[in-house]
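Biologist: I am new to this one. Can we walk through how to read it, feature by feature?
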Amino acid sequence: METYIYNYLASSNLEEIKTPKSKGLIFTLSRDFGTNIKNCAVDLVEKLNNERVGFSICKKKWALIDSVILSNISKELKIGYDALNQFVPIEHKSIFDQILHGLDFNRSQLDDNLHKAIQTVIYSYFERGNVVFLGRGAAYFTNQLDNAVNFKIKSSYENRIHRYGEKNKVNYHYAKEIVRRKAKRRNDFLSYISKGKHQSYDFVLNRDIMDDDTLTSLLFDLCKNKEIQYKTFKDVQHSK
């Protein structure tokens with residue numbers, strides 16, 4: 001378990017958290033099921049680290065946070081309940097119990113406990129800084145952050161079917177059904193996370209006209225530009 005997640009839970013009054021605190025830069029990559037951008041996200045993080053983008057703002061190495069990592073952390077939190085519990089002040093025990101109760105990402109029924117659990121883990125990564133989120137609704141929690149950029153990677157329905165079928169070596173009709181079903185599940189999850197609010201994005205990119213290398217390069221350039229803009233913004237704030 002990452003120590004900053006322990007520290008975040010221990011030091012936060014979770015009932016009073018209205019807006020997240022954050023360090024470094026935060027990039028979120030949203031996409032429909034079948035868009036197939038995981039390799040691009042991995043390459044983007046490697047390139048950000050190699051070029052040390054954002055290190056003048058936050059010296060932590062870039063980390064890719066996807067649904068697998070968030071799910072594994074939720075399991076770790078449950079397994080490490082006793083270890084984590086000792087960090088939580090007595091006045092927050094009841095809140096902590098509610099969060100732990102909701103930290104099962106395979107539950108069939110979504111409730112407020114699960115929403116709070118997801119928010120808590122995502123906010124802890126915001127405080128870490130220099131993170132790239134791949135999906136999991138992270139973009140819905142960045143509304144009031146000046147250091148975040150939200151990307152939406154779009155792809156046509158037919159293209160997503162083709163990509164899924166090719167990647168998994170299945171026929172068109174099977175791929176179509178899987179993409180339809182999983183896209184609906186993802187949309188239902190995002191609707192739950194957003195609580196019905198419309199999500200706007202800083203950049204909407206068309207995956208259909210870009211291969212992996214082109215998409216990765218474009219994302220990198222946009223991320224690098226954000227570093228320049230954010231540093232200028234902070235310098236202006238500091239001079240006031």
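Modeller: Start with the largest pocket. This is a predicted model. Rolling a probe the size of a water molecule over the atoms shows where empty space is left. Here the largest pocket is lined by 33 residues. Arg31, Phe33, Ser67, Arg136 and Arg186 lie nearest its centre. Its volume is about 930 Å³.

Biologist: Which element supplies the largest share of the lining of the largest pocket?

Modeller: Helix 8 does, with 6 residues. Strand 1, helix 3 (67–79), helix 7 (157–168) and helix 8 (172–194) each give at least two residues to that lining.

Biologist: How many residues of each class are in the lining of the largest pocket?

Modeller: There are 12 nonpolar, 9 polar and 12 charged residues.

Biologist: Let us take strand 1 next. Which way do its side chains point?

Modeller: In a regular strand the side chains alternate between the two faces of the sheet. In strand 1, Ile26, Thr28 and Ser30 point one way. Phe27, Leu29 and Arg31 point the other way.

Biologist: Is strand 1 enclosed or open?

Modeller: Enclosed, largely, by the rest of the structure, because 6 of its 6 residues are buried. Buried here means under 20% relative accessible area.

Biologist: Which strands pair with strand 1?

Modeller: Strand 3 pairs with strand 1 in the parallel sense, over 4 bridges. Follow Phe27 to see both pairings. Phe27 stands opposite Val132 in strand 3, and opposite Val149 in strand 4.

Biologist: Now the nonpolar core. Which residues have the most contacts inside the largest one?

Modeller: In soluble globular proteins, nonpolar side chains tend to be buried together. The largest nonpolar core here has 26 residues. Phe27, Leu48, Val132 and Phe151 have the most contacts inside it. Strand 1 (26–31), helix 2, strand 3 (131–134), strand 4 (148–154) and helix 9 (212–239) each give two or more residues to this core. Helix 9 gives the largest share, 6 residues.

Biologist: What is Val132 in contact with, leaving aside its neighbours within four places in sequence?

Modeller: Val132 touches Phe27, Leu29, Leu44, Val45, Leu48, Trp62, Ala63, Leu64 and Ile65. Ile65 also belongs to a second, separate core of 20 residues.

Biologist: Last, the backbone. What is the phi of Asn130, and what is the phi of Lys169?

Modeller: Asn130 has a positive phi of about 50°, although it is not a glycine. Lys169 has a positive phi of about 55°, and Lys169 is not a glycine either.

Biologist: Where do they lie, and are they buried or exposed?

Modeller: Asn130 is in the loop between helix 6 (112–128) and strand 3. Asn130 counts as buried, because its relative accessibility is 0%. Lys169 is in the loop between helix 7 and helix 8. Lys169 counts as exposed, because its relative accessibility is 75%, and exposed means over 50%.

Conventions. Residues numbered from 1 in each chain as written. Predicted model: local features only at pLDDT ≥ 70, side-chain atom pairs only at ≥ 80, totals over all residues. Heavy atoms only, no water. Core = buried A, V, L, I, M, F, W, Y, C linked by side-chain atoms within 4.5 Å. Buried < 20%, exposed > 50% of the residue type's maximum accessible area, 1.4 Å probe, protein only. Contact = heavy atoms within 4.5 Å. 1 Å grid on protein atoms, 1.4 Å probe; cavity = no way out; pocket = protein on both sides within 12 Å on 5 of 7 lines; lining within 4 Å. Points joined across faces, edges and corners; volume = space filled by probe spheres on them. Nonpolar A, V, L, I, M, F, W, Y, C, P; charged D, E, K, R; others polar. Pairing = 2+ DSSP bridges.
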